[in-house]
Amino acid sequence: WRNLSEKHNLDIEIFGLDALATYSFKSSNALAYKTIIAQLMLEKGFLASTNFYPSTAHEQKDLHDYLNELDHVFHILNKIDKQELSVKEVLKSPVCHAGFKRLN
């Protein structure tokens, strides 16, 4: 994540346990970016957001494929940061909610 974020000039913070690692964007668009990641990665067959839960079922190829697709997504996020794209142009759904709270 750090290498990809540096490659695409995105400011992230990585935290959590190795087995339950996560990251967040230091941006006013943080929740939109998280939603975009989930949307675009799902389109490529990955159930992914800003979390990663490794398991013994993952092989090197799985990790390579995941990072390759995330590289494309981070490229899009960089275009949003540079105002070459807008969040509205990319998102097909509402922005996700922060934390745990009732929605009704």
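**Exercise 1.** Decide whether serine 49, with a relative accessibility of 17%, counts as buried or exposed.

Solution. Start with the cut-offs: buried means under 20% relative accessible area, exposed over 50%, partly exposed in between (1.4 Å probe, protein chains only). With 17%, serine 49 therefore counts as buried. The model is predicted, so local features need pLDDT of at least 70 and side-chain atom pairs count only at pLDDT 80 or more, while totals for chains, interfaces and linings use all residues. Residues are numbered from 1 along each chain as its sequence is written, and side-chain values use heavy atoms, with hydrogens and water left out.

Helices (H or I, at least four residues) and strands (E, at least two) are DSSP runs, numbered from the N terminus. Last, list the neighbours, taking contact as heavy atoms within 4.5 Å. Leaving out residues up to four places away in sequence, serine 49 touches Tyr23, Lys34, Ile37 and Tyr66.

**Exercise 2.** Describe how helix H2 (residues 30–43) packs against helix H3 (residues 60–81).

Solution. Two packed helices are described by the angle between their axes and the distance between the axes. Axes here are lines fitted to C-alpha atoms, for helices over the stretch in contact, with angles from 0 to 180 degrees between N-to-C directions. For H2 and H3 the angle is about 135° and the axes are 10 Å apart. That makes H2 oblique to H3, given that angles under 35 degrees count as roughly parallel, over 145 as roughly antiparallel, 65 to 115 as roughly perpendicular and the rest as oblique.

The crossing of H2 past H3 is right-handed; the near helix is then turned clockwise from the far one by less than a right angle, and anticlockwise in a left-handed crossing.

Now list the residues. H2 contributes Tyr33, Ile36, Ile37, Leu40 and Met41. H3 contributes Tyr66, Glu69, Leu70, Val73, Phe74, Ile76, Leu77, Ile80 and Asp81. By class, the contact of H2 with H3 holds 12 nonpolar residues, no polar ones and two charged ones. The classes are Ala, Val, Leu, Ile, Met, Phe, Trp, Tyr, Cys and Pro as nonpolar, Asp, Glu, Lys and Arg as charged, and the others, Gly among them, as polar.

**Exercise 3.** Classify the ring pairs that tyrosine 23 forms with tryptophan 1 and with phenylalanine 25.

Solution. Rings of Phe, Tyr and Trp (its six-membered ring) pair if their centres lie within 6.5 Å; planes under 30 degrees apart count as stacked, over 60 as edge-to-face and the rest as tilted. The count by this rule is seven aromatic pairs. For tryptophan 1 and tyrosine 23, the centres are 4.5 Å apart and the planes stand at 50°, so the pair is tilted. This pair joins distant parts of the chain, 22 residues apart: tryptophan 1 in the segment before helix H1 (2–7) and tyrosine 23 in strand S2 (residues 21–25).

Both partners are buried: tryptophan 1 has a relative accessible area of 17%, and tyrosine 23 has 1%. For tyrosine 23 and phenylalanine 25, the ring centres lie 5.7 Å apart and the planes meet at 75°, so the pair is edge-to-face. Phenylalanine 25 is buried, as is tyrosine 23. Ring pairs join Trp1, Tyr23, Phe25, Tyr33 and Phe74 into a cluster.
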